[in-house]
Amino acid sequence: MGNIAYIVFICFALPFVLGIPIVRKQTRLVLLFTFIGMCCCLFISEVNGLLNTAIGLDMFYVTTNITPLTEELIKALPILLYAVFISAERQTLLTIAFMTGLGFALLENSTILVETVIERGSIGILWALIRTLGAGLLHSLCTTSVGVGISFVRDRKKFFVCGSFALLAQAIVYHSVYNALIQSDYKYFGAALPMATYLVVVAVLVVTYQKKQKKNQSEESA
Amino acid sequence: MKILIVDTIGNAVLCAAALIGLFYSLIRFFKPKQAMYKKMVACALGCIFIERLYGIVQYAVAGDITPYFQIGSFGNIGCFLFLFSANYGAVDSLIDDGSAEVKKYRLIALAAPAAAVAAAIAILCSPSRPGKTITCAVEMLFAGASAYYSFKHLIIPKRYSDFLSDLRFFHFLSLVLAAGVAIEDILWCYNVTEQIMWIVPYLILLVPVVALAPALERGTKKWEI
């Protein structure tokens with residue numbers, strides 16, 4: 001991504017850092033992990049650049065087989081460390097995992113936006129929608145799936161290592177499928193993939209929440 | 001090109017079957033108070049679905065699966081890891097306390113990873129590029145680890161694992177899954193071009209993909225948490 005990535009990072013990430021000491025605990029966690037997501041994006045952009053040069057294969061191969069691996073690994077790392085050393089509480093892990101993915105997507109989208117504007121001169125609303133609802137959601141969903149999964153297996157040693165790696169493997173292949181679709185003639189399917197997954201996740205969360213509410217109400221009335 | 005058609009159809013059928021199995025297991029196994037074992041198996045089906053989707057997308061977009069390292073293998077690796085985690089983490093310690101009595105079954109069960117290692121060696125000796133063969137060989141090692149516990153739980157007598165005896169068919173299906181993936185990888189690495197040969201692994205794989213979730217549900221009816 002070159003120098004633009006660093007400039008965009010300074011513009012977008014620094015306000016998050018400045019806000020961290022001001023806000024309250026839960027919001028602080030949100031800001032912190034959004035910032036960490038951005039840092040991951042910046043770091044991995046350099047790593048991917050080096051790998052691309054070292055491998056010497058075409059860009060399509062690299063973006064569908066190498067970058068999903070490196071990006072998912074680096075995004076999962078802060079979640080894994082948080083779960084191991086601080087807390088494995090499911091709701092917190094869900095929040096920080098989603099925010100890490102969001103921070104990653106924010107910096108990636110911003111950098112690509114600036115680069116595309118410089119390159120093409122202008123871009124359309126459709127481009128913005130595909131980038132936001134596609135890549136934006138993809139990064140958040142992949143990291144969230146790993147985070148939520150870790151919260152299930154964290155307290156069981158025999159599950160933890162294999163379970164975490166298996167979840168990561170799942171996220172990596174999902175990311176690769178998206179990257180392949182979005183670069184092809186089927187890019188609308190690519191954009192629809194994270195959106196469809198997101199809608200299923202939201203539906204499940206809403207149903208679970210409603211069930212909990214009903215249960216609480218029935219317990220209170222009893 | 002004909003191989004591509006068989007491959008695409010095979011992947012599409014497996015993808016659809018895995019998606020149905022995934023939805024079935026999500027609805028049945030992700031209810032409150034369900035064992036982690038079942039959730040792990042649901043995730044394994046999710047891995048199969050994504051792996052097959054990757055195959056379809058690669059053929060549609062790139063025209064062929066790459067001859068180098070291909071990330072779709074992570075789908076199979078994830079699937080075997082989930083099955084391994086479920087068997088090793090949830091139930092193995094309940095039936096095997098490390099006593100000498102069970103040693104015989106532990107040793108016999110080693111036949112499954114041995115077969116996987118043999119498949120890995122055969123793959124490594126194939127004429128394909130190292131990136132492709134190494135990926136498939138690594139896949140076989142994970143399949144072997146998963147198959148060890150599946151085979152062990154399949155052959156262990158009922159007196160050691162009364163609650164597991166109903167899961168025999170499920171373990172048999174897990175072994176069939178590992179065998180199907182092994183055959184598929186061997187055919188791929190040896191660049192086999194006969195269409196009929198390619199139908200074999202897809203038919204073998206279709207059985208466990210379709211039946212894994214129902215077999216697990218039937219086998220765990222007695223389980224209570």
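Tutor: The bend at a residue is the angle between two fitted axes, one for the seven residues ending there and one for the seven starting there. Keep in mind that this is a predicted model.

Student: By how much does α3(B) bend, and where?
Tutor: By about 35°, at B:Y88.

Student: Now helix pairs. At what angle do α2 and α5 of chain A pack?
Tutor: About 45°, for α2 (residues 25-55) against α5 (residues 90-120), both of chain A. Their axes are 7 Å apart. Angles under 35 degrees would count as roughly parallel, and 65 to 115 as roughly perpendicular. α2(A) and α5(A) are therefore oblique to each other. The crossing of α2(A) past α5(A) is right-handed.

Student: Which residues meet there, in α2(A) and α5(A)?
Tutor: On α2(A), A:F33, A:I36 and A:G37 are among them. On α5(A), the list includes A:M99, A:G103 and A:L107. By class, this contact of α2(A) with α5(A) holds 15 nonpolar, six polar and one charged residues.

Student: How are α2(A) and α4(A) arranged?
Tutor: Their axes cross at roughly 150° and come within 9 Å. Over 145 degrees counts as roughly antiparallel, so α2(A) is roughly antiparallel to α4(A). This crossing, too, has a hand: α2(A) and α4(A) cross right-handed.

Student: What residues make that contact of α2(A) and α4(A)?
Tutor: From α2(A), they include A:F33, A:I36, A:G37 and A:C40. From α4(A), they are A:T67, A:T70, A:E71, A:I74, A:K75 and A:P78. The contact of α2(A) with α4(A) has nine nonpolar, four polar and two charged residues.

Student: And chain B: at what angle do α7 and α8 cross?
Tutor: Roughly 155°, with the axes of α7 (residues 168-189) and α8 (residues 195-219) of chain B coming within 8 Å. That makes α7(B) roughly antiparallel to α8(B). The hand of the α7(B) and α8(B) crossing is left. Their contact counts 20 nonpolar, three polar and one charged residues.

Student: How many residues link the two chains?
Tutor: The size of an interface is often given as accessible area lost when the parts come together. Here we count residues in contact: 23 of chain A and 28 of chain B.

Student: Which helices of chain A supply that side?
Tutor: α3 (59-65), α4 (67-85) and α7 (157-182) of chain A each supply at least two residues. α7(A) gives the most, with 15 residues. The side of chain A that touches chain B has 16 nonpolar, five polar and two charged residues.

Conventions:
Residues numbered from 1 in each chain as written. Chains lettered and ligands numbered in written order. Predicted model: local features only at pLDDT ≥ 70, side-chain atom pairs only at ≥ 80, totals over all residues. Contact = placed C-beta atoms within 7 Å. Helix = DSSP H or I, 4+ residues; strand = E, 2+ residues; numbered from the N terminus. Nonpolar A, V, L, I, M, F, W, Y, C, P; charged D, E, K, R; others polar. Axes fitted to C-alpha atoms, helices over the stretch in contact; angles between N-to-C directions. Left-handed = near helix turned anticlockwise from the far one by under 90°.
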